[in-house]
Amino acid sequence: MSLLSARGLTRDHRLPRRTLFEAPVVRHALRGVDLDVEQGETVAVIGESGSGKSTLARLLIGLDVPTAGTVTFDGRTVSGSDRALRPLRRDTGMVFQDPYSSLDPRMTVARIVGEPLRALRIPGDHRAMITAALEDVRLDAALAARYPHELSGGQRQRVAFARAIVHRPRLLVGDEPMSALDVTVRAQLLKLLARLRREFDLTVLLVSHDLGLVQHVADRLVVMREGRIVEQGSAERVLRDPQHPYTRELIAAVPRLP
Amino acid sequence: MTLEVRGLTIRIGDRTVVDDVSFTVPDGGRFGLIGGSGSGKSLTVLAILGLLPDGADATGSVLLDGVELLGAPERRLARVRGSRIGTVFQDPQTALNPLRTIGRQLAEPLRLRGRLTRTATRAEAVRLAGLVRLPDPGRVVDAYPHQLSGGQRQRVAIGIALALSPGLLLADEPTTALDVTTQAEVLGLFDRLVADAGASLVFVTHDLAVLAGITREVLVLSEGRAVERGPVAQVLAAPQHPVTAALVAAARATSFGAGEGS
């Protein structure tokens, strides 16, 4: 059984009416997407902005409610109520693109990392769990008392990773988790992600337009365009032998090192 | 135009953030500045433009076709920036004024320069919109920035930079915020327009693969110092300085390439 499944997932956005007599325009962000993520695998969803990849990720982790379709996590249907979402929340960690805006500037590193423990009312010694998480992402324990503005971009994104794994989730979801960082930091975080995956047997769902990142971490690729999945398969196969013209176009557009 | 930077040193308070950096971009040259965050590459560009933030102090020399820009009066710098140096920065979202039409912004450098009639200004804006391949130039000039995609906004920024046919273009991470397909289109356009204009180019990026596609010579900066320079292909193939070697290794570990990775 898949850890995470979507069936017929659809999300429409009703745009504001432009005139009184015209019917409102509906934008289809996602059109009937089916997806399965197996326990322990790393799946990357790729596509351009507007392809629906972030909408898909948001629906899968219960941050948004589908217009139609269902999401199942660990055999249970996830719906909009807080009660139904709790098991999913308990077992999910999230990392977003921008370590500058995703960390509360008024909280210390320790408080930021410990937030999921408080929000999910997880029993136990929070301080010890925070220390362990900082260690997992190789951040010096001395940084626990610091504030985000005192850290470098790479350290901030490590804090974001620590927050994502502090409650030992089974699923890690990243939305462009490395695109705001420079190349050296990216290489270090790529190693970190690989290690966390191994150590905690994490299932990983990545949303990215960064084929470099995807090539180095994903087992499976899902290519999206205009709210639909146009191709999916093993990362190795999709990148070596893309079937859909759009996938080919995407791969051809990537700048390469000589 | 020829750009000569000699012994450029930038201090903020008692901290030296750019330390004795020199390089020359010959007329029509394609020059890349590369380095991690905090290496001083963006400050170097701002110093060339005379746009360093308050509290930052630059010494040394910045010569554009032999004319000193460093320490030149603001009035003269403003003229140079508009007409001889074009700039494209990373974020087209913030570079454009949300309250003004695309056409007005495309024509702004021309309007500031001279006594163009309203009709002539509009015609120029439409011409520039066409030059940067915006869809339906005759109508897009009446649109506002929020009605355009990120790639289209960056095309507008390129159009503004090219409005007065500058001899030197400075681009700081101009495609970093764009999707891979959009990036490829915008880079292709930029490459062609720089060639057509015969302009010299200084291109700042942390993306070695992008750099390799658009520049010939590269200067590697680390913590404000120039650590290595040379033809792009040579620097990438056989980096001499440990900093360059680390950058190239990191790029190879994270960027896309056939037969690499998992």
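Let me begin with Leu221(A), which, once its neighbours within four places in sequence are left aside, is in contact with Ala44(A), Ile46(A), Val214(A), Glu231(A), Gln232(A), Gly233(A), Ser234(A), Ala235(A), Val238(A) and Leu239(A). Please keep in mind throughout that what we are looking at is a predicted model.

Leu221(A) belongs to the largest nonpolar core, which has 55 residues, and it is among those with the most contacts inside that core, along with Val113(A), Leu134(A), Val159(A), Phe161(A), Leu172(A) and Leu211(A). There is also a second, separate core, this one of 36 residues, and it includes Ala107(B), Leu178(B), Val186(B) and Phe190(B).

Let me stay with chain A for the strands β9(A) and β10(A), which pair in the antiparallel sense over 6 bridges.

Now to helix α9 of chain A, residues 245–252: which of its residues are buried? They are Tyr246(A), Thr247(A), Leu250(A) and Ile251(A), and, if you look down the axis of α9(A), these buried residues fall within an arc of 135°, so they line one face of the helix. The face turned away from the buried side of α9(A) carries Pro245(A) and Ala252(A), which are exposed. What covers the buried residues includes, from chain A, β3 (42–46), α7 (211–217), β9 (220–225), β10 (228–234) and α8 (235–240), together with α8 (180–197) of chain B.

That brings us to the interface, where 26 residues of chain A are in contact with 27 residues of chain B. The two chains bury about 2500 Å² between them, and 61% of this is on carbon and sulfur atoms. On the chain A side, the residues that lose the most area to chain B are Val183(A), Gln215(A) and Leu257(A), which together make up 27% of what that side buries.

How many aromatic pairs does a search of the whole structure find? Over all chains there are 2. In the pair of Phe23(B) and Phe31(B), the ring centres are 4.8 Å apart and the planes are at 10°, so the pair is stacked. Phe23(B) counts as buried because its relative accessibility is 2%, and Phe31(B) likewise counts as buried, at 6%. In the pair of Phe190(B) and Phe203(B), the centres are 6.2 Å apart and the planes are at 55°, so this pair is tilted. Because Phe190(B) lies in helix α8 of chain B and Phe203(B) in strand β8 of chain B, residues 200–205, the pair ties together parts that are 13 residues apart in sequence. Both Phe190(B) and Phe203(B) are buried.

I will finish with Leu117(A), which lies in helix α3 of chain A, residues 109–119, and which counts as buried because its relative accessibility is 0%. Not counting residues up to four places away in sequence, Leu117(A) touches Ile122(A), His126(A), Met129(A), Ile130(A), Val166(A) and His167(A). Although Leu117(A) and His167(A) are 50 residues apart in sequence, they are 6.2 Å apart in space, C-alpha to C-alpha.

Definitions and conventions: Residues are numbered from 1 along each chain as its sequence is written. Chains are lettered from A and ligands numbered from 1 in the order in which they are written. This is a predicted model: local features need pLDDT of at least 70, side-chain atom pairs count only at pLDDT 80 or more; totals for chains, interfaces and linings use all residues. Side-chain values use heavy atoms; hydrogens and water are left out. Buried means under 20% relative accessible area, exposed over 50%, partly exposed in between (1.4 Å probe, protein chains only). Helices (H or I, at least four residues) and strands (E, at least two) are DSSP runs, numbered from the N terminus. The arc is that of the directions from the helix axis to the C-beta atoms. Contact means heavy atoms within 4.5 Å. A nonpolar core is a set of buried Ala, Val, Leu, Ile, Met, Phe, Trp, Tyr and Cys residues joined through side-chain atoms within 4.5 Å. Rings of Phe, Tyr and Trp (its six-membered ring) pair if their centres lie within 6.5 Å; planes under 30 degrees apart count as stacked, over 60 as edge-to-face and the rest as tilted. Two strands pair if DSSP finds at least two bridges between them. Buried area is the accessible area (1.4 Å probe) that two parts lose on being put together, summed over both.
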